[in-house]
Amino acid sequence: MTDLPGIVITGASGRMGQMLINTVLNSSNARLVGALERPGHDWIGRDLGAAMGGAEIGLNVSDDPLEMIARAHAVIDFTAPAATVEFATLCAQARCVHVIGTTGLSEADLKHLNAAARHAVVVRAGNMSLGVNLLTQLTKRVAAALDEDFDIEIVEAHHNQKVDAPSGTALMLGEAAAEGRGVALDNVSDRGRDGITGKRERGHIGFSAIRGGDIVGEHDVIFAATGERIVLRHIATDRAVFARGALKAALWGQGRRPGEYDMLDVLGLSEN
């Protein structure tokens with residue numbers, strides 16, 4: 001049992017954090033060695049199982065990432081950009097696999113992660129599910145096959161507590177479409193339409209975000225031309241698909257050379 005990779009979960013009290021915790025606890029291939037929350041959170045010092053409303057499991061929630069990461073083989077991190085950057089530095093120092101599902105990262109944040117990846121394995125993806133990563137590959141191929149007579153629009157829907165838009169998955173799909181077209185997404189991205197905006201720019205990739213209720217995640221990639229449309233769709237109904245993918249990434253990263261990876265690498269779908 002103690003030979004199994006030890007996993008630390010950040011953001012333990014959140015919906016995704018609790019899903020990740022349960023996924024690791026129910027796994028026969030990993031063990032939970034730490035659960036982190038921000039300083040001042042009312043879970044700090046409490047038994048994790050009791051804090052989650054169940055039986056005690058003998059593991060207290062901590063606000064000390066240095067102590068937790070020092071004992072881990074991997075950290076699974078679905079938190080906020082500032083926290084993720086801090087965890088990346090600590091994971092690099094500990095040579096610990098850092099699996100990142102955090103979205104809304106800035107260019108400066110990504111530079112920090114790039115630096116950390118010189119010393120440790122960093123697996124980062126806007127979405128950890130097999131289906132979405134297959135959708136990403138399909139989006140790239142369809143975009144490459146169709147010319148600019150086909151407008152590309154990405155529509156995403158999430159629950160009403162999500163704080164960033166477009167979603168990390170939508171941006172991942174947009175990057176795939178842009179790569180298929182041989183252009184930079186920053187040069188063709190259209191993220192907001194309000195008022196009299198004029199006609200749609202040929203070749204642009206549009207984004208629309210829907211927020212409501214408890215929607216887990218829905219993404220459509222629409223290729224629309226005169227007289228026909230192609231719609232590629234993925235619907236997630238259970239966060240467990242993301243948690244299982246994240247744990248798979250944490251286990252896959254064991255023994256790998258330091259570097260930046262994504263779920264296409266983990267799933268063997270990378271074209272490199």
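**Helix 6 and helix 7**

I began with the pairing of helix 6 and helix 7, which are roughly parallel to each other. I am working from a predicted model. For the angle I have a crossing of roughly 30° between the axes of helix 6 (residues 130-145) and helix 7 (residues 168-181), which come within 7 Å. Angles under 35 degrees count as roughly parallel, so the pair qualifies. I noted the crossing of helix 6 past helix 7 as right-handed.

I then listed the residues that make the contact. Helix 6 contributes Val132, Asn133, Leu135, Thr136, Thr139, Lys140, Ala143 and Ala144. From helix 7 I have Thr169, Met172, Leu173, Ala176, Ala177, Glu179, Gly180 and Arg181. By class I get eight nonpolar, five polar and three charged residues in this contact.

**Cys91**

Next I looked up Cys91, which sits in helix 4 (residues 81-94). Is Cys91 buried or exposed? Its relative accessibility is 1%, and because buried means under 20%, Cys91 counts as buried. Not counting residues up to four places away in sequence, I find Cys91 touching Ile69, Val75, Cys96, His98 and Ala120.

**Arg38**

Last, I turned to Arg38, listed by UniProt under "binding site" in an unreviewed entry. I place Arg38 in the loop between strand 2 (31-35) and helix 2 (48-51). Arg38 has 54% relative accessibility and therefore counts as exposed. Leaving aside neighbours within four places in sequence, I have Arg38 in contact with Ile44 and Asp63.

How values were computed:
Residues are numbered from 1 along each chain as its sequence is written. This is a predicted model: local features need pLDDT of at least 70, side-chain atom pairs count only at pLDDT 80 or more; totals for chains, interfaces and linings use all residues. Side-chain values use heavy atoms; hydrogens and water are left out. UniProt positions are given in the numbering used here, feature names are shortened, and annotations may be inferred rather than shown by experiment. Helices (H or I, at least four residues) and strands (E, at least two) are DSSP runs, numbered from the N terminus. Buried means under 20% relative accessible area, exposed over 50%, partly exposed in between (1.4 Å probe, protein chains only). Contact means heavy atoms within 4.5 Å. Axes are lines fitted to C-alpha atoms, for helices over the stretch in contact, and angles run from 0 to 180 degrees between N-to-C directions. Angles under 35 degrees count as roughly parallel, over 145 as roughly antiparallel, 65 to 115 as roughly perpendicular and the rest as oblique. A crossing is left-handed if the near helix is turned anticlockwise from the far one by less than a right angle, and right-handed if clockwise. Ala, Val, Leu, Ile, Met, Phe, Trp, Tyr, Cys and Pro count as nonpolar, Asp, Glu, Lys and Arg as charged, and the others, Gly among them, as polar.
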